[in-house]
Amino acid sequence: MKDKPFDKKGEFSWADIKRNIKIPNKMTAELAEETGIHLGDGNLCISMEKSGYKSYRYCISGDLENENFYHSQHIATLMKNIYNITGIFIKRPNKNSIDSKYNSKAIVNFKNKFLGLPIGSKKNAQIPKIILNNNKFSKRCVCGIIDTDFNITSSFAISGKLHSLNVADEMREILEKNNIKHIFKIYRNYARFYISKEMAVKIVKEWQLHNPKHLSKYAVFEKFKKFLPYTTTSERLDLLSGKISLEK
């Protein structure tokens, strides 16, 4: 990113300038994690409005019942810290979905032109080289991917699949480099990961995941020595805070 200074004059819209949107001039741990979130649940879109103007949008989609806190608190904080932008949360209870939307020409162009993240489909997406070449950034990026696109099983393993085979292979390399034992299998159009409990706990605690959907499962087990199936993130958080009892 240092080798390609970002041309603010050519890539910022008037709305970006008015809102004082900022663009990073170097890679950071926060930006690496947010890039992982993007590779997991994010999407870039450029569309033509009826008015004749182009619309630039970055959207992150999640599970409303289990990821409301993650979107409204953690992702929102990352975006504010990195880009000085406040998003719009669109909640659809009937579809159990939450979308964090960020409209900005500067951010979309930065992600596309400088980080190399694609507009539209992420099938051929890749982890940016500037992240892959730094182990600290690589681990933060993997945490962002796991937080958004993976699940914690009843045996406290990390399990999930990626439809971008490039990202999957790069994530495999990062896990191997850091001695995280795992099962990796490529199917016709996606790859699946399985990381058993011992290694999963290391990622959760040492690499530091941030999604309460995952963290609350471990926290409940540590406090009550039980895995509680069919519970939501909010229920587990209420249990941990004492708002509801284990029996309830």
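**Cysteines, a helix crossing and positive phi values**

The sulfur of Cys143 lies 9.3 Å from the closest cysteine sulfur, that of Cys141, which is too far for a bond. A disulfide is a pair of cysteine sulfur atoms within 2.5 Å. The model is predicted, so local features need pLDDT of at least 70 and side-chain atom pairs count only at pLDDT 80 or more, while totals for chains, interfaces and linings use all residues. Residues are numbered from 1 along each chain as its sequence is written, and side-chain values use heavy atoms, without hydrogens and water.

A search of the whole structure finds zero disulfides. Cys59 is in no disulfide; its nearest cysteine sulfur belongs to Cys45, 9.1 Å away. Cys59 is buried at 11% relative accessibility. Cys143 is also buried, at 0%. Buried means under 20% relative accessible area, exposed over 50%, and partly exposed in between (1.4 Å probe, protein chains only).

Helix H3 (residues 29–41) crosses helix H7 (residues 135–149) at roughly 35°, and their axes come within 7 Å. On the H3 side, the contact includes Ala29, Ala32, Glu33 and Gly36. On the H7 side, it includes Phe137, Arg140, Cys141 and Gly144. The residues of this contact divide into seven nonpolar, five polar and six charged. Here contact means heavy atoms within 4.5 Å. Ala, Val, Leu, Ile, Met, Phe, Trp, Tyr, Cys and Pro count as nonpolar, Asp, Glu, Lys and Arg as charged, and the others, Gly among them, as polar. Axes are lines fitted to C-alpha atoms, for helices over the stretch in contact, and angles run from 0 to 180 degrees between N-to-C directions. Helices (H or I, at least four residues) and strands (E, at least two) are DSSP runs, numbered from the N terminus.

Helix H5 spans residues 105–114. Within H5, Ala106, Ile107, Val108, Asn109, Phe110 and Lys111 are buried. At the start of H5, a side-chain oxygen of Ser104 comes within 3.4 Å of the backbone nitrogen of Ala106. Just after H5, Gly116 has a positive phi of about 80°.

Most residues other than glycine have a negative phi. Asn84 has a positive phi, near 55°, and is not a glycine. Asn84 sits in the loop between helix H4 (64–83) and strand S3 (88–92). With 21% relative accessibility, Asn84 is partly exposed. Lys225, again not a glycine, has a positive phi of about 60°. Its loop joins helix H10 (212–224) and helix H11 (233–241). Lys225 is exposed, with a relative accessible area of 59%.

Technical notes:
Polar contact = N/O pair within 3.5 Å; in protein donor to acceptor, adjacent residues only side chain to side chain.
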